[in-house]
Amino acid sequence: MSPGEGLGSGVDRGRPAARLGRGLPGWTLRAAVVAVCAAVAGVLAANGVEGLALVLYLVLAAAAAAIPASAAVALLIAYPAAAIVFVSDEPRWPAVFALVVLLHLLHLLAAYAALVPVRSRVHPEALRAPARRFAGVQLGVFALGGVVLLSPGGRTDAPVEVIGLLCALGLAVGVVLLLRRKG
């Protein structure tokens, strides 16, 4: 390797070094967690969740922003699904799709906020690849959601449900085995 090449030199793969500005303060990721939680609370309020349930969600949001590597984030992701189920028997598809996007974004922001110290700097360029992956996952989710919306409603026969559950179980076992192999 020549002196101008190697890790951290910015000359890797024949590209010139990128000029990074000052970046954003590290606390902006935590502020983004709060903003996404506020949007989720707005979706919940628009779908009939009210009062103490919303206050509890916002308290969890504050805890997650303060300590993004805590269990509060997992509760923030599970809470809206339970709240929507208790409010209505029928799924409200616009709310479901909005929550899928917002909760996935909340998961990613909390993960990065847990890694980035509050007093550090975050360069938007560093978030470009995760943003592309986020968009790709969301496109797949919306495609699957479209298939679900276009599928005929009604009761599914018991053998079909059992086969579907066995397939889901097989996928889960396969993922666990693949993850165990890499570790």
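In this predicted model, helices α3 and α4 meet through a set of side-by-side residues from each partner. Val 73, Leu 76, Ile 77, Pro 80 and Ile 84 come from α3. Leu 99, Leu 103, Leu 106, His 107 and Ala 110 come from α4. By class, this contact holds nine nonpolar residues, one polar residue and no charged residue.

Two packed helices are described by the angle between their axes and the distance between the axes. Helix α3 spans residues 72-87, and helix α4 spans residues 93-115. Their axes come within 9 Å and cross at roughly 170°. Angles over 145 degrees count as roughly antiparallel. The helices α3 and α4 are therefore roughly antiparallel to each other.

Helix α3 also packs with helix α1, which covers residues 27-46. Here the angle is about 5°, and the axes lie 11 Å apart. Angles under 35 degrees count as roughly parallel, and α1 and α3 are therefore roughly parallel to each other. Helix α1 supplies Cys 37, Val 40 and Leu 44 to the contact. Helix α3 supplies Leu 76, Pro 80, Ala 83 and Ile 84. This contact has seven nonpolar residues, with no polar and no charged ones.

A nonpolar patch occurs on the surface. Its members are Trp 93, Leu 144, Val 147, Val 148 and Leu 149. Together they have about 450 Å² of accessible area. Helix α5, residues 128-150, gives the most to the patch, with four residues. Leu 144 is placed in α5.

How values were computed: Residues numbered from 1 in each chain as written. Predicted model: local features only at pLDDT ≥ 70, side-chain atom pairs only at ≥ 80, totals over all residues. Heavy atoms only, no water. Axes fitted to C-alpha atoms, helices over the stretch in contact; angles between N-to-C directions. Helix = DSSP H or I, 4+ residues; strand = E, 2+ residues; numbered from the N terminus. Parallel < 35°, antiparallel > 145°, perpendicular 65-115°, else oblique. Contact = heavy atoms within 4.5 Å. Nonpolar A, V, L, I, M, F, W, Y, C, P; charged D, E, K, R; others polar. Patch = residues over 30% accessible without salt bridge, like charges linked within 9 Å, V, L, I, M, F, W, Y side chains within 5 Å. Areas by Shrake-Rupley, 256 points an atom, 1.4 Å probe, with all protein chains shown as cover. Salt bridge = Lys/Arg side-chain N within 4 Å of Asp/Glu carboxyl O.
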